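Here is a short briefing for a first look at this structure. Keep the sequence and the 3D view side by side as you read.

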Amino acid sequence: MERPDFNIVFVGAGNVASCLAPALMQKGCRIVQVYSRTQESAQTLARKADCPYTTDLTQISGEADLYIVSVKDDALDDVTARLACSGNPDALYAHTAGSMPMDVWKGKIRRYGVLYPMQTFSKQRAVDFSAVPFFIEANSEEDACLLKEVAGRVSPKIYEASSEQRRYLHIAAVFACNFTNHMYTLCDRLLAAHGLPFESMLPLIDETARKIHELPPLEAQTGPARRNDRNVIGRHLDILKKEAPELADLYGMISRSIHTYELNNKMTSR
């Protein structure tokens, strides 16, 4: 169901808002206003969304049907309380945080929920939202349907998830994305220190990612830790202890985790 008159205020102009606001605008939603505590961020997103901006929460527009709040988790409680005093009291309010409960709105706003797009966002990169799963929660079935409609403008992958489920979803996403990317950073550091290009790792990284589209991650695991090849592991640790002791500790801990997981899986599958 298309609603070309659907009006949205974005509260926050970080990575999520900077990608989601233009995507919704392209699908017929009207971005009424952008808020950010910094003028540069507010101005930049307002240009993309072709709308006015403010850096003052008391000047938030009262014309919106939906307020999408994308701010840091530690600012969410304060922002939601202040929004309750300035926004449209009849509108729906939703935050985009993966690890924050829906009830951060409770007692402040009548209609509220969560619109969580599970993806890594950067202002510098456009996102193909048609492949992004959205996880929805609301304090009424009617508003859950409304949030599904909004998410459905940009993605066919829409799920309902409770605050409890979303907490575990977010933890899992940190392992799958943030920790993995940090490993790429450490890999880049090791290679650069010895005059080797990071781009040489890209085919390996790409194939590893492709494999888990076809195999369970446990079956896709390879390497010395899975084989429990102590000679290789020992040589790697000797090198790292001399050059980067903190990486030796990390290497040892992750290798033990891989090997232990493999052993436990074999025992439980017997």
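Start with Gln 43, which is partly exposed at a relative accessible area of 29%. Gln 43 is part of helix H2, residues 39-49. The model is a predicted one. Its protein chain has 270 residues, and 39% of them are buried.

**Overall build**
- The protein chain contains 10 helices and eight strands.
- Along the principal axes, its C-alpha trace spans about 65 × 45 × 30 Å.
- The accessible surface of the chain is about 15,700 Å². Carbon and sulfur atoms account for 53% of that surface.
- Take the contacts between residues at least 6 apart in sequence: 57% of them join residues at least 24 apart.

**Annotated domains**
- The unreviewed UniProt entry places "domain: Pyrroline-5-carboxylate reductase catalytic N-terminal" at residues 8-83.
- Residues 8-83 are 45% helix and 21% strand.
- Residues 132-258 are 70% helix and 6% strand. Here the end C-alpha atoms are 29 Å apart.

**From Gln 43 to Ser 61**
- Gln 43 and Tyr 67 are 24 residues apart along the chain. Their C-alpha atoms are separated by 18 Å.
- Ser 61 sits in the loop between strand E3 (53-54) and strand E4 (66-69).
- Is Ser 61 buried or exposed? Ser 61 has a relative accessible area of 14%, so it counts as buried, the cut-off being under 20%.
- Which residues touch Ser 61, leaving aside neighbours within four places in sequence? The contacts are Val 9, Val 32, Gln 33, Tyr 67, Gly 87 and Asn 88.
- Ser 61 and Gln 124 are 63 residues apart in sequence. From C-alpha to C-alpha, they are 28 Å apart in space.

**Aromatic rings**
- A pair of aromatic rings is described by two values: the distance of the centres and the angle of the planes.
- The count of aromatic pairs comes to seven.
- Tyr 93 belongs to strand E5 (residues 92-95). Trp 105 is in the loop between E5 and strand E6 (112-117). The pair therefore ties together parts that are 12 residues apart in sequence.
- Both partners are buried: Tyr 93 has a relative accessible area of 1%, and Trp 105 has 0%.
- Ring pairs link Tyr 67, Tyr 93 and Trp 105 into a cluster. Tyr 67 is also one of the contacts of Ser 61.

**Helix H9**
- H9 runs over residues 230-243 and has 14 residues. From its first C-alpha to its last it reaches 20 Å, close to the 20 Å expected at 1.5 Å a residue.
- Val 232, Ile 233, Leu 237 and Leu 240 are buried in H9.
- Why do these residues share a side of H9? They cover an arc of only 130° around the axis, which puts them on the same side.
- An α-helix has 3.6 residues a turn, so residues three or four places apart point the same way.
- Asn 231, Arg 235 and Lys 242 are exposed, on the face of H9 turned away from its buried side.
- What do the buried residues of H9 pack against? Their partners are helix H5 (163-193), helix H8 (224-227) and helix H10 (245-268).

**Positive phi angles**
- Asp 50 is not a glycine, yet its phi is positive, at about 55°.
- Asp 50 lies in the loop between H2 and E3. Its relative accessibility is 66%, and Asp 50 counts as exposed.
- Asn 228 has a positive phi near 55° and is likewise a residue other than glycine.
- Asn 228 is found in the loop between H8 and H9. With 27% relative accessibility, Asn 228 counts as partly exposed.

Technical notes: Residues are numbered from 1 along each chain as its sequence is written. This is a predicted model: local features need pLDDT of at least 70, side-chain atom pairs count only at pLDDT 80 or more; totals for chains, interfaces and linings use all residues. Side-chain values use heavy atoms; hydrogens and water are left out. UniProt positions are given in the numbering used here, feature names are shortened, and annotations may be inferred rather than shown by experiment. Helices (H or I, at least four residues) and strands (E, at least two) are DSSP runs, numbered from the N terminus. The expected span of a helix is 1.5 Å times one less than its number of residues. Buried means under 20% relative accessible area, exposed over 50%, partly exposed in between (1.4 Å probe, protein chains only). The arc is that of the directions from the helix axis to the C-beta atoms. Contact means heavy atoms within 4.5 Å. Accessible areas come from the Shrake-Rupley method with a 1.4 Å probe; for residues, only the protein chains shown count as cover. Rings of Phe, Tyr and Trp (its six-membered ring) pair if their centres lie within 6.5 Å; planes under 30 degrees apart count as stacked, over 60 as edge-to-face and the rest as tilted.
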